[in-house]
Amino acid sequence: MKAPYTREKLIQDFTDLGIEKGDTLFIHSSFKSLGPVADGAGTVIAALEETVGHDGLILMPTFNLRPSREERVASWDVPTTPSTVGWLTEFFRQMPGTYRSDHYSHAVAARGRDAEAFIADHLSQEGYQSPWDHHPWGKTYGTHSPMFRAYKTDAKLLMIGVDYETSTYIHVVEVIHWNKRLAKDPQVSFIGLNRPKLGAFWDTLGQLRRGKVGDSDCRLFHIKTYVDTLLTEVEGNPDPYLG
């Protein structure tokens, strides 16, 4: 049986991948993909915190993606509603010192530098509208939402053992694209994009780091470059990526 991966080994793997002190990281993850980890999810979080250091910030989706909007609204409670997007995110959400934004479906949790302030304003009504907006909650991907803030501050996206089907930042591409079109025609419909096809296009450009963390195949890249590049591609060549 393979020996479990230690905190020190994971720190080395994260560092080799390109994570640096002071980074802001938004993380999509499959905990299982890492293989055996000594002491479980807490070791992964501890390794991430050590890698980014005291000036770093770790963000994870803690989405409440129940089948219907009605179920999401009825079940929502900031401190208790479980994350439905993986064990690492649910463990992270429950850790003392983690802060979570108030959004019935697309809440984000944060630990580290200015974490509480970073997620504090998800009830704001400023910024881009999206299909997931629902009163009394704020704009899902609005100006003060955690995911949009991470985009604007040039955070990095870390994908641990997941493919682009999990890449919620493609929703940011969709939302910006829709709002640009709405400015010209208020009746235009929202267009969903094919995440795997956009991800395959992104991979061909080479603007990312790839490597192993434990047993997991990982990707690391700058969110702003990713979103802006995909938006330009979709605006100029939409047909391959529709639906």
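Trainee: Why is serine 145 called buried?

Mentor: Buried means under 20% relative accessible area, exposed over 50%, and partly exposed in between, with a 1.4 Å probe and protein chains only. Serine 145 has a relative accessible area of 1%, so it is buried. This is a predicted model: local features need pLDDT of at least 70, side-chain atom pairs count only at pLDDT 80 or more, and totals for chains, interfaces and linings use all residues. Residues are numbered from 1 along each chain as its sequence is written, and side-chain values use heavy atoms, with hydrogens and water left out.

Trainee: Where does serine 145 lie?

Mentor: In the loop between α5 (115–118) and α6 (146–152). Helices (H or I, at least four residues) and strands (E, at least two) are DSSP runs, numbered from the N terminus.

Trainee: Which residues does serine 145 touch?

Mentor: His122, Lys139 and Thr140, not counting residues up to four places away in sequence. Contact means heavy atoms within 4.5 Å.

Trainee: What does the side chain of serine 145 reach?

Mentor: The backbone oxygen of glycine 142, at 2.8 Å. A polar contact is a pair of N or O atoms within 3.5 Å; within protein, one must be able to donate a hydrogen and the other to accept it, and residues adjacent in sequence count only if both atoms are side-chain atoms.

Trainee: Is threonine 51 buried or exposed, and why?

Mentor: Threonine 51 is at 4% relative accessibility, so it counts as buried. Its place is in helix α2. The side chain of threonine 51 reaches the backbone oxygen of alanine 47 at 2.6 Å.

Trainee: Why is histidine 54 called exposed?

Mentor: Its relative accessible area is 81%, so histidine 54 is exposed. Histidine 54 lies in the loop between α2 (41–52) and β2 (57–61).

Trainee: How many helices and strands are in the chain?

Mentor: 9 helices and 7 strands.

Trainee: What makes the chain as compact as a globular protein of that length?

Mentor: The radius of gyration is 18 Å, close to the 18 Å that the globule rule gives for 243 residues, so the chain is that compact. The radius is taken over C-alpha atoms, and the rule is 2.2 Å times the number of residues to the power 0.38.

Trainee: What share of the residues counts as buried?

Mentor: 52% of the 243 residues.
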